Amino acid sequence: MAKFGATSSNKALPRSKHITVENPSNSEDITLFFTDEALTITKIVAVLTGSSSPSLTWTLRFHSDRSNAGTEVVTGGTVIDSTGGGTSTGQSITSFNSASISANTWVWFKTTAQSGTTNKIHLTIFYD
């Protein structure tokens, strides 16, 4: 008998968090969540919608003190645009500089550059 949150092999289903940001600019700084348990990010999938060659540089940061600059999951951030399906099928990130997040830590989304018309960005963050 399968249990809620598990497959028939009793392997836990991947956990995830999602966010959609409308009209993202080059200066977003949005708290996503607080974790009271340690976790490891395993994959981030992002898709950007817009027109006039939309492009957005974004990053995820984490730290126990939200007023701190934090540690970037991918150092230097990630550019999402039409390259690699970023505005159609989505962009999958599986290589990280700092994927392990300690317990009692804030996680937030930041943007640092934007061009074209960026209507929405959606992220799904998978973690163990």
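Tutor: Let's start with Glu28, which is buried but has no salt bridge; the nearest side chain of opposite charge, that of Lys110, is 9.9 Å away. Buried means under 20% relative accessible area, exposed means over 50%, and partly exposed lies in between, using a 1.4 Å probe and protein chains only. A salt bridge needs a side-chain nitrogen of Lys or Arg within 4 Å of a carboxyl oxygen of Asp or Glu. For charge, Lys and Arg count as positive and Asp and Glu as negative, while His and the chain ends are not counted.

A word on what you are looking at: this is a predicted model, in which local features need pLDDT of at least 70, side-chain atom pairs count only at pLDDT 80 or more, and totals for chains, interfaces and linings use all residues. Residues are numbered from 1 along each chain as its sequence is written, and side-chain values use heavy atoms, with hydrogens and water left out.

Back to Glu28, then. Its place is the loop between S1 and S2; strands (E, at least two residues) and helices (H or I, at least four) are DSSP runs numbered from the N terminus. What does the Glu28 side chain have close by, at 2.9 Å from one of its polar atoms? That is the backbone nitrogen of Ser25, a polar contact (a pair of N or O atoms within 3.5 Å; within protein, one must be able to donate a hydrogen and the other to accept it, and residues adjacent in sequence count only if both atoms are side-chain atoms). Contact in the wider sense means heavy atoms within 4.5 Å. Leaving aside neighbours within four places in sequence, Glu28 is in contact with Val21, Asn23, Phe109, Lys110 and Thr111.

Now for the charges that do find partners. Side chains of opposite charge can pair when their charged atoms come close. The whole structure holds 4 salt bridges. One of them joins the side chains of Arg15 and Glu37, at 2.5 Å from N to O. Arg15 belongs to strand S1 (residues 15-22) and Glu37 to the loop between strand S2 (29-35) and strand S3 (39-63), so this pair ties together parts that are 22 residues apart in sequence. Both partners are partly exposed: Arg15 has a relative accessible area of 32%, and Glu37 has 37%.

Asp29 pairs with Arg66, and their closest N and O atoms are also 2.5 Å apart. Asp29 is partly exposed at 41% relative accessibility, and Arg66 is partly exposed at 23%.

Arg61 and Glu72 make a salt bridge too, with 3.7 Å between the closest N and O atoms. Arg61 is in strand S3 and Glu72 in strand S4, so the pair connects parts that are 11 residues apart in sequence.

A polar atom of its side chain lies 3.1 Å from the backbone oxygen of Ala69. Not counting residues up to four places away in sequence, Arg61 touches Ala69, Gly70, Thr71, Glu72, Trp106, Val107, Trp108 and Lys110.

Lys110 leads us on to Trp58, which is in contact with it. Trp58 lies in strand S3 and is buried, with a relative accessible area of 2%. Its contacts beyond four places in sequence also include Ile44, Ala46, Phe109 and Thr111. Trp58 and Phe109 are 51 residues apart in sequence, and their C-alpha atoms are 7.2 Å apart in space.

Finally, two lysines meet rings. A charge sits over a ring if NZ of Lys or CZ of Arg is within 6 Å of the ring centre and within 35 degrees of the ring normal. The charged end of Lys17 sits over the ring of Phe33, 5.0 Å from its centre, and Lys43 lies over the face of Phe126, at 5.1 Å from the ring centre.
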